[in-house]
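Thanks for coming, everyone. I'll walk through one structure, a few spots at a time. Please look at it while I talk.

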Amino acid sequence: MIRNYRDSDRPALFRLWQERAGNLGYAPLEETQFHTLLTGHPDFSPAFTFLLEEQGQILGFINGCTGEHIPKGDVRGYVSCLILTEQADTDENTAALLLALEDAFRRAGKSFSAVTFFNPIRLPWIIPGTDGHQHNNAPGVAVDLPLHGRMLSLGYQETTREQAMHLELASFTIPPAIRRKAEQMALEGYTVAFYDPDKHQGLDQMLCDLQNPLWTREITAAAADATALLVGLCGDTVAGFTGPIYPESTGRGYFAGIGVSPRYEHHGLGKLLFYTLCQQEKEAGARYMSLFTGETNPARRIYLEAGFQIARTFGVLIKEL
């Protein structure tokens, strides 16, 4: 049968994670980490978590979340993960768990079920071809997994593809050509520096121009907490950002994203911000960096020029309910 999650199910879900999550590419987690990232997450809800049970044995589970505080959460429910035992990993069981979650989203008044990076429940995965390097969330369903094809057959549409990219930082240096470009830009008044609220103005306006609520929340908080934050400047006015800069416990150099206000584009700030970010993450002690970007995103060229390699491809999946 399929039923909703109960608090007493947490050990069974963790055992299933230990047994099967690695086969799906997820990172191994200690029990406290599992609880923090999933069952204890503020957006975790039994109403959107369903278990496949047979004769008292948990054979699989699916989790999703929704809420108007989440981007597009007024109309969308988000699928976080679907895990089945090896014996129960079938098209039929996948469909049954997805249907249960979709019905719950409908009852909650949602019009779409989606797998995108907007989901606040972020589950880390291992970057293929590395020594256990992790990325802290997924932007969709990896196209090399059976789940990708199964969801397409169940009515999900692939709206775009995201490429996960990876760079070892040990040998990274800013190329001479980029340093020369920075000198030329400085003569025109465009520079990159660490954000200083006593010297720089316009951070809020830049974030408003970018119209990304996730960036607005995170970068505003980083600036308020004096976290190392790189900004692109036109004179003393903030024209773009990247960071915040700090090594995660996994050795990954963290950053929320990179953006330049449309009014300051085409001056080279995006590329200079990114190269400076990589150098500063290395100097802060990060061993590697990872990111994901759309297959058609023009910024993809910058990442490849900096030495990043494509590690995995994900499909962003959405279904109208």
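Is Gln-211 buried or exposed? Keep that in mind for a moment. First, a caution: this is a predicted model. Now the reply. Gln-211 is exposed, because its relative accessibility is 69%. Find Gln-211 in the loop between H6 and H7. Its backbone deserves a look too. Phi of Gln-211 is near 55°, which is positive, and this residue is not a glycine.

H6 covers residues 203-210, and H7 covers residues 213-224. Their axes come within 10 Å and cross at roughly 165°. Angles over 145 degrees count as roughly antiparallel, so H6 and H7 are roughly antiparallel to each other. The crossing of H6 past H7 is right-handed. Which residues make the contact? On the H6 side, they are Leu-203, Leu-207 and Leu-210. On the H7 side, they are Trp-215, Thr-216, Ile-219, Thr-220 and Ala-223.

His-266 is not a glycine either, yet its phi is about 70° and positive. His-266 sits in the loop between strand E15, residues 257-260, and helix H8, residues 269-283. His-266 counts as exposed, because its relative accessible area is 78% and the cut-off for exposed is over 50%.

Going from Gly-243 to Pro-244, the bond is cis, with omega near -10°. Pro-244 belongs to the loop between strand E12, 237-243, and strand E13, 246-247.

Now move into helix H8. Tyr-275 is part of H8. Is Tyr-275 buried or exposed? Tyr-275 is buried, since its relative accessible area is 3% and buried means under 20%. What does Tyr-275 touch, leaving aside neighbours within four places in sequence? The list is Phe-172, Ile-174, Pro-175, Ile-178, Ile-302, Glu-305 and Ala-306. Tyr-275 and Thr-216 are 59 residues apart along the chain, and their C-alpha atoms are separated by 22 Å.

Helix H5 runs over residues 176-187, and its axis comes within 11 Å of the H8 axis. The two axes cross at roughly 130°. That angle makes H5 and H8 oblique to each other. Their crossing is left-handed. From H5, the residues that meet H8 are Ile-178, Ala-182 and Met-185. From H8, the partners are Leu-269, Lys-271, Leu-272 and Tyr-275.

Over to helix H3, residues 91-107, which holds Leu-101. Leu-101 is buried, because its relative accessible area is 1%. Its contacts, with neighbours within four places in sequence left out, are Phe-48, Phe-50, Ile-62, Asn-63, Gly-64 and Val-79. Take Gly-64 from that list. Leu-101 and Gly-64 are 37 residues apart along the chain, and their C-alpha atoms are separated by 7.1 Å.

Now a charged side chain. Arg-312 is in strand E17, residues 309-320. Is Arg-312 buried or exposed? At 11% relative accessibility, Arg-312 falls under the 20% cut-off and therefore counts as buried. What joins the side chains of Arg-312 and Asp-144? A polar contact of 3.0 Å does. Asp-144 is one of several residues in contact with Arg-312 beyond four places in sequence.

Last topic: cysteines. How many disulfides are there? The count is zero. Cys-81 shows how that works out. The nearest cysteine sulfur to Cys-81 is that of Cys-65, and it is 10 Å away. A disulfide needs two cysteine sulfur atoms within 2.5 Å, so Cys-81 is in no disulfide. Cys-81 counts as buried, because its relative accessibility is 3%. Cys-278 is buried as well, since its relative accessible area is 0%.

That's my tour. Questions, please.

Definitions and conventions:
Residues are numbered from 1 along each chain as its sequence is written. This is a predicted model: local features need pLDDT of at least 70, side-chain atom pairs count only at pLDDT 80 or more; totals for chains, interfaces and linings use all residues. Side-chain values use heavy atoms; hydrogens and water are left out. Buried means under 20% relative accessible area, exposed over 50%, partly exposed in between (1.4 Å probe, protein chains only). Helices (H or I, at least four residues) and strands (E, at least two) are DSSP runs, numbered from the N terminus. A polar contact is a pair of N or O atoms within 3.5 Å; within protein, one must be able to donate a hydrogen and the other to accept it, and residues adjacent in sequence count only if both atoms are side-chain atoms. Contact means heavy atoms within 4.5 Å. Axes are lines fitted to C-alpha atoms, for helices over the stretch in contact, and angles run from 0 to 180 degrees between N-to-C directions. Angles under 35 degrees count as roughly parallel, over 145 as roughly antiparallel, 65 to 115 as roughly perpendicular and the rest as oblique. A crossing is left-handed if the near helix is turned anticlockwise from the far one by less than a right angle, and right-handed if clockwise.
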